[in-house]
Amino acid sequence: MLETGLIIRALMRNKIGALLIALQIALTMTIIVNAIFMIQDRQSQMLRVSGVDEENTFYLTNTIFGQDYNIQAALQTDLNTLRKMPGVVDAIQINAIPLSGGGWSSGVQTEAGEDKDSIGTAIYMVDDHAINTLGLELIAGENFSATDIQWRKSGQSTWPDKVIVTKALALSLFPDDWQSALGKTVFISQNQTIQIIGILKQLQAPWNGWDGVERSMLVPFQMESKGSRLFIRTEPGKRDQLMPLVEKTLAENDKGRIIGRLRSMEETRERSYQRHNATNKILTTVVITLTIITGFGIVGLAIFSINRRTKQIGTRRALGATRWQIMRYFMVENLLISVVGILIGCVGAVSLNMWLVKTFNLAPINIELILFGVTTLLIVGQLAVLYPARKASLISPATATRTV
Amino acid sequence: MLIMKNISKVFQTADIQTHALRDFNLTVNEGDFVSVTGPSGSGKTTFLNIAGLLETYTSGEFTLDGENIGQLNDNGRSRMRNHKIGFIFQSFNLIPDLNLFDNVDVPLRYRGFNAKERKRRIEENLERVGLASRMKHLPSQLSGGQQQRVAIARALATDPRFLLADEPTGNLDSEMAQSVMSLLEDINKQGTTIVMVTHDAQLAQRSPRTIQVMDGRVSELNLHLATDNQQAIA
Ligand SMILES: Nc1ncnc2c1ncn2[C@@H]1O[C@H](COP(=O)(O)OP(=O)(O)O)[C@@H](O)[C@H]1O
Ligand SMILES: [Mg+2]
């Protein structure tokens, strides 16, 4: 026989304490649900694959200082050396690194003209070894051939006529059917034509926070510039031993330049999401701390109200309540307070989320998360009240006659 | 029927032992109205608490309504309190947050009666103590005498065989005390066995049987006096 009605009526006569705890629960619910939501959002961003074989790739910078230097010949020598090194799968020169935070972008459009809409895409300038070196998957069309590769002078504004795009870019250009992009001619720099000869499954842009992060384009260019990057893929497990070896070999072969800033793709990913990780740690701490504080708040209120009602509890025992019935009283009381708090918390959580959606362009919260918040707080409440309730149940029935 | 044989109760605190009851012997028969008197600290409340199963005893034998109390666990004692014993306290012990109706409802809930049965019993017993019209009032809105009447209604609502009262008139002025006493006498006439602790000699004399507790023992049985009294009243 649950005495819910009596508990509610007794609670209504002691509203303040209960209401304060209910509000604390509501606030906790509002904050933890949204914090967890933000954590999950970041985590799912971090889980996105870049399309690159990150485990087995690294890159370095090549800075030329020698005078009368034959840039084209030197690059060819370097690439030949690298590609022949045991343990190296392939190597390319590249203008930007996925996830690194710095790179090139341009606008692509299906109709020529300044007034037509263009779609932003990351530009990777590479040769026909790019797909193999980066570890990309070509899902339609074909790779560049060696003869497609052109030399690009610094400051050059014209583009080669063939490109390979990611599926995401193809879909943005041809929303009805990404496959129809293959073979199509589209426009870059408003009116220069380029033909899509291949489509990649995935290759992320250098900027992880950009909403177009999946839109990238390979352009068959080798750069004739004094600063460039070389990107190397090794056989599985050989990256760490090859990195110093590659650095040494390149530096010794050609003393007219400096090899530097070797970095693996894994490290690049880690740096790329450093802030995400830090923010998630802070949010996790907030969630845990807030939950614990609320738990202690419940313990505190329960102990206070039990101490205040010692004689009443003794009287209930004298009137025939079993220990379990006393325990249950406080557990049901806590449940009622929690339910009120959680209901307010649901409204709060959804409102805060709606504000976040509007202000920061986040996705709306999902029902599972709300249910998770509800369950968590119900469990926390019941666990928190367990010890005080147990203490109450051990109050002697003799308290009824022994206290004034 | 209540039988206590050689009951003793020792309170053990950090360094002192208090022998609140020693070799306490008492038999209370069905339908009795027993007054318990004695000086303060003599063990009256301890006796009543043990009789009402609010407290356990240290040694001896105690049978209540045929049940060997020493063999009951806490749940068994709770059940017995709920089913067979009604308690009345010096300071009424009504639950301040509940109105009169809900106060009387408390032991009925523990008993597990359905809502209809509870309502019937609450109304009947509040009627019996003359407070049916104030069901929605809170205890704080009543006088002491009225509060004690509600407490009596609450004690009676479960139809107990025993009504135990610890100084039920201790916090009341003499007029109210007399009326509460009359109410108890009525209840006793309808068959409920009553054991009442009181330090009011005049009230004690109104009951058919009086015992005196001295230093944790039943020191004197006052049956004759009680019989005389009854005759005088008659
Ligand atoms: N919980 C307790 N702990 C220690 N001593 C107690 C306790 N309860 C009662 N006593 C002692 O037991 C004795 C009897 O007390 P009590 O039964 O309350 O007497 P009375 O009701 O006759 O005034 C007293 O000496 C009292 O101090
Ligand atoms: Mg006493």
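A: In this predicted model, chain B holds an open sheet of 4 strands, in the order β2-β1-β4-β5. The pairing is antiparallel. Two strands stand at the edges: β2 (17-28) and β5 (67-68) of chain B. Each has a single partner strand, so one side of each is left without a neighbour in the sheet. Strands of a sheet pair through backbone hydrogen bonds, either parallel or antiparallel.

Start with β1(B), residues 2-12. Strand β1(B) is joined to β2(B) by 8 bridges, and the two run antiparallel. Toward β4(B), strand β1(B) pairs over 5 bridges, again in the antiparallel sense. B:Leu2 shows both pairings. Its bridge partner in β2(B) is B:Val28. In β4(B), B:Leu2 stands opposite B:Leu64.

Now step on to β5(B). Strands β4(B) and β5(B) run antiparallel and are joined by 2 bridges. B:Thr63 has B:Asn68 of β5(B) as its bridge partner. The hairpin of β4(B) and β5(B) has 2 residues between the strands. There B:Asp65 takes a positive phi near 50 degrees.

A helix covers part of this sheet. Helix α1 of chain B, residues 44-51, lies across β1, β2 and β4 (59-64) of chain B. Helix α1(B) runs at about 120 degrees to β1(B).

Next, the contact between the chains. Chain B gives 31 residues to it, and chain A gives 27 residues. The two chains bury about 2700 Å² between them, with 54% of it on carbon and sulfur atoms. On the chain B side, three residues stand out: B:Asp97, B:Arg109 and B:Tyr110. They supply 28% of the area that chain B buries against chain A, more than any other three residues.

Cross over to chain A. Here too there is an open sheet of 4 strands with antiparallel pairing. Its order is β2-β11-β1-β12. The edges are β2 (88-94) and β12 (257-264) of chain A. Each of these has a single partner strand, so one side of each lacks a neighbour in the sheet. On average, neighbouring strands of this sheet are turned by 25 degrees against each other, direction ignored.

Look at β1(A), residues 57-64. Strand β1(A) pairs with β12(A) over 6 bridges, in the antiparallel sense. A:Phe58 has A:Ser264 as its bridge partner in β12(A).

Two helices meet this sheet. Helix α3 of chain A (residues 71-84) lies across β1, β2, β11 (227-234) and β12 of chain A. Its direction is at about 160 degrees to β2(A). Helix α6 of chain A (residues 239-253) packs on the sheet as well, touching β1, β2, β11 and β12 of chain A. The direction of α6(A) makes about 170 degrees with that of β12(A).

The helix pairs of chain A come next. Helix α10 (residues 323-360) and helix α11 (residues 367-393) of chain A have axes that come within 8 Å and cross at roughly 150 degrees. That makes α10(A) roughly antiparallel to α11(A). Their crossing is right-handed. The residues of this contact divide into 18 nonpolar, 5 polar and 2 charged.

Helix α11(A) also meets helix α2 of chain A, residues 15-47. The axes come within 10 Å and cross at roughly 135 degrees. The two helices are therefore oblique to each other. The crossing of α2(A) with α11(A) is right-handed. From α2(A), the contact uses A:Ile25, A:Thr28, A:Met29, A:Val33, A:Ile36, A:Phe37 and A:Gln40. From α11(A), it uses A:Leu369, A:Ile370, A:Phe372, A:Gly373, A:Val374 and A:Leu377. By class, that contact has 10 nonpolar, 3 polar and no charged residues.

Helix α10(A) has another contact, with helix α9 of chain A (residues 310-318). They pack at an angle of about 135 degrees, with their axes 10 Å apart. That makes α9(A) oblique to α10(A). This crossing is right-handed. A:Ile313, A:Arg316 and A:Arg317 of α9(A) meet A:Arg323, A:Ile326, A:Tyr329 and A:Phe330 of α10(A). The contact of α9(A) with α10(A) has 4 nonpolar, no polar and 3 charged residues.

Methods: Residues numbered from 1 in each chain as written. Chains lettered and ligands numbered in written order. Predicted model: local features only at pLDDT ≥ 70, side-chain atom pairs only at ≥ 80, totals over all residues. Heavy atoms only, no water. Pairing = 2+ DSSP bridges. Contact = heavy atoms within 4.5 Å. Axes fitted to C-alpha atoms, helices over the stretch in contact; angles between N-to-C directions. Parallel < 35°, antiparallel > 145°, perpendicular 65-115°, else oblique. Left-handed = near helix turned anticlockwise from the far one by under 90°. Nonpolar A, V, L, I, M, F, W, Y, C, P; charged D, E, K, R; others polar. Buried area = accessible area lost by both parts, 1.4 Å probe.
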